[in-house]
Amino acid sequence: MKKLFLILTVFTMLFFVGCNSEPAEWLTDLDQATLAAEESGKDLLIFFSGLDWDGYSEQFISDILSQEKFLKEVGKDYVALQLNLVLDEQNLTEDEIVKNQNTYLLAYSMGVSSVPTLIAASSDTIPYGAIQYGPDSDIQTVTKEVKKLQETGKTIKSLKAKLEKATGVNKAKLIDALYDSVAEEFTYQFQDLIVEFPSLDPENKTGKLGKYKLILAYDESLAIFNESGDITAATQVFIDLAESGLLDSEGYQTAYYMAAYLESYGGKIITENTIPYLQKAYDADPEGEAADSILSTLQALQESQVSEEATGEQQ
């Protein structure tokens, strides 16, 4: 009897927990939405639309965003916010124009390049995921993507909570997990943690020191060039890192590709080092994602070099 009572109790709890998710309602005020997110402990799901000009936002709303099934899923972990980007401001009041411009700035800061787009963000509007609406989008696929973002949001909250107490190599491991938890276009928000990583793991116990040194090499190289105009010194940042033994094959390839790119001023000139650097980049990871592109560039430069030598001999 006690066992039966326990089963019934658990079933009842699960039933009410499962039914506890109210469908989300689309708010239209950023301050109201962020306040609601802070008070509820939820994240933001921001829908950037272009109702008067993009041609797809209304369809996205009618087919997916207004459907109860979708709104119930969203309501579990998100406060829903719709922000419309108005193209023609002629009929807007001064206050509405200011609000519209702020919306454009927010969209830009979140990496929104087209509408309609859904952005998942923390309650303080730090983005960590995006969903683009396209020809193949339907309620099942978009809901599935929202569920993935929900898990990402929970992971980020958990990792950030652990980071507050972590030190040394343990903190470095958490930083790496946090960095890998979001799409690359949103990793900029972790810049302070990225800068801290090398000091947390100077002996490379995580095996990730090279990864973060390579990320930081872009800023270091740019700073050198901006300060001195010395392209050789800027290039050397990537060469030194490539030869440090800290990089995996993909990182080594990237470092030497960047060395070739900088050495040739972005392809404007070809130096005696450009082709050797590209060859090293290709040889590092011939099966890598960027290998075909590097090989095409390398072959084109080699053919050009042969042609120039032949022309020189004829003269």
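Helix α11 is followed by tyrosine 265, whose phi is positive, near 50°. The model is predicted: local features need pLDDT of at least 70 and side-chain atom pairs pLDDT 80 or more, while totals for chains, interfaces and linings use all residues. Residues are numbered from 1 along each chain as its sequence is written, and side-chain values use heavy atoms, without hydrogens and water.

Helices here are DSSP runs of H or I with at least four residues, numbered from the N terminus. Helix α11 covers residues 249–263, 15 residues in all, and reaches 21 Å from its first C-alpha to its last, close to the 21 Å expected at 1.5 Å a residue. That expected span is 1.5 Å times one less than the number of residues.

Tyrosine 265 lies in the loop between α11 and α12 (274–284). Its relative accessible area of 39% makes tyrosine 265 partly exposed; buried means under 20%, exposed over 50%, and partly exposed in between, with a 1.4 Å probe and protein chains only. Among the buried residues of α11 are Gly251, Tyr256 and Leu262.

**The largest pocket**

The largest pocket has a volume of about 610 Å³. Of the 18 residues that line this pocket, the closest to its centre are Tyr179, Lys211, Leu214, Ile215 and Glu250. Helices α7 (168–181), α9 (209–228) and α11 each give two or more residues to the lining, and α9 gives the most, with 5 residues. A pocket is an open set of points on a 1 Å grid over the protein atoms alone, where a 1.4 Å probe fits, with protein on both sides within 12 Å along at least five of seven lines; lining residues have an atom within 4 Å of a point. The volume is the space filled by probe spheres set on the points.

**Salt bridges**

Side chains of opposite charge can pair when their charged atoms come close. A salt bridge is a side-chain nitrogen of Lys or Arg within 4 Å of a carboxyl oxygen of Asp or Glu, and by this rule the count comes to 8.

| Salt bridge | Closest N and O atoms |
|---|---|
| Lys171 and Glu196 | 3.1 Å |
| Lys211 and Asp176 | 2.7 Å |
| Glu203 and Lys205 | 4.0 Å |

Lysine 211 in helix α9 and aspartate 176 in helix α7 are 35 residues apart, and their pair links distant parts of the chain. Lysine 211 is partly exposed at 26% relative accessibility, whereas aspartate 176 is buried at 9%. Salt bridges that share partners join Asp176, Asp180 and Lys211 into one network.
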